[in-house]
Amino acid sequence: VGSTGILKFTKSASNTIQTFAATGDGEWLGSIGFYGSDSSSTISGRSAHIDVIQVGSAGGSTVASKMEFGVSGATKMTILNDGNVGIGTTTPHSATHIERTGNADLLKLRNKAANSGDLAIMRFSVENDPDDRRFKQGIAAERTATYGRGKLHFLNDIVADDGNAVLADVRMTIHSDGNVGIGLTSPSAKL
């Protein structure tokens, strides 16, 4: 522990104390393992882990690395040195990359509110703004009946301001009965 109160791990390829040699690509820089035990009180296999692995050659003041999180002996999430996060893949190709084999839910979003008119909104922004504003497009699920049934709205805020897309910006709605409304939030016909 240094004077700044930060716990620091340093690994050297030479595996000796205070003697440094460059670490290499693919080398483990650190690992935290979580282990269980069987009925005879002996340690069983690693049940979870957090591993830091070097990516490329070391150079300069930083060493490029990736971090892997695993359970039950397999890596489940990876964070690459470029910030990409992979769930179900160790090679994410976008900011968030989710993979799974077979028919499976890849992402679920839930608003736990249970009242008619409550919304679960996913908004999009193509804007270099660090604040929670200018999310001009979105998809909103609106609860209108029991068991989470309702309408699916596609939002597009066309006003040149700092506002976010809201229900007033509906451009298309799919009602729970299958009716589709373009410019309508309560369509009375199929289209």
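Trainee: In β9, which residue is the bridge partner of A141?

Mentor: Strands of a sheet pair through backbone hydrogen bonds, either parallel or antiparallel. Here the bridge partner of A141 in β9 is L152, and strand β8 (residues 137-143) is joined to β9 by 7 bridges, the two running antiparallel. Two strands are said to pair if DSSP finds at least two bridges between them, and strands (E, at least two residues) are DSSP runs numbered from the N terminus. The model is a predicted one, in which local features need pLDDT of at least 70 and side-chain atom pairs count only at pLDDT 80 or more, while totals for chains, interfaces and linings use all residues. Residues are numbered from 1 along each chain as its sequence is written, and side-chain values use heavy atoms, with hydrogens and water left out.

Trainee: What order do the strands of the open sheet have?

Mentor: The order is β7-β8-β9-β10-β11, an open sheet of 5 strands with antiparallel pairing. Because β7 (119-124) and β11 stand at the edges with a single partner strand each, one side of each is left without a neighbour in the sheet. From one strand to the next the twist averages 15 degrees, where axes are lines fitted to C-alpha atoms and angles run from 0 to 180 degrees between N-to-C directions.

Trainee: Where does D51 lie, and is D51 buried or exposed?

Mentor: D51 lies in strand β2 (residues 43-54). With a relative accessible area of 2%, D51 is buried, a word that stands for under 20% relative accessible area, as exposed stands for over 50% and partly exposed for values in between (1.4 Å probe, protein chains only). The side chain of D51 makes a polar contact with the side chain of S31 at 2.5 Å; such a contact is a pair of N or O atoms within 3.5 Å, and within protein one must be able to donate a hydrogen and the other to accept it, while residues adjacent in sequence count only if both atoms are side-chain atoms.

How values were computed
Helix = DSSP H or I, 4+ residues; strand = E, 2+ residues; numbered from the N terminus.
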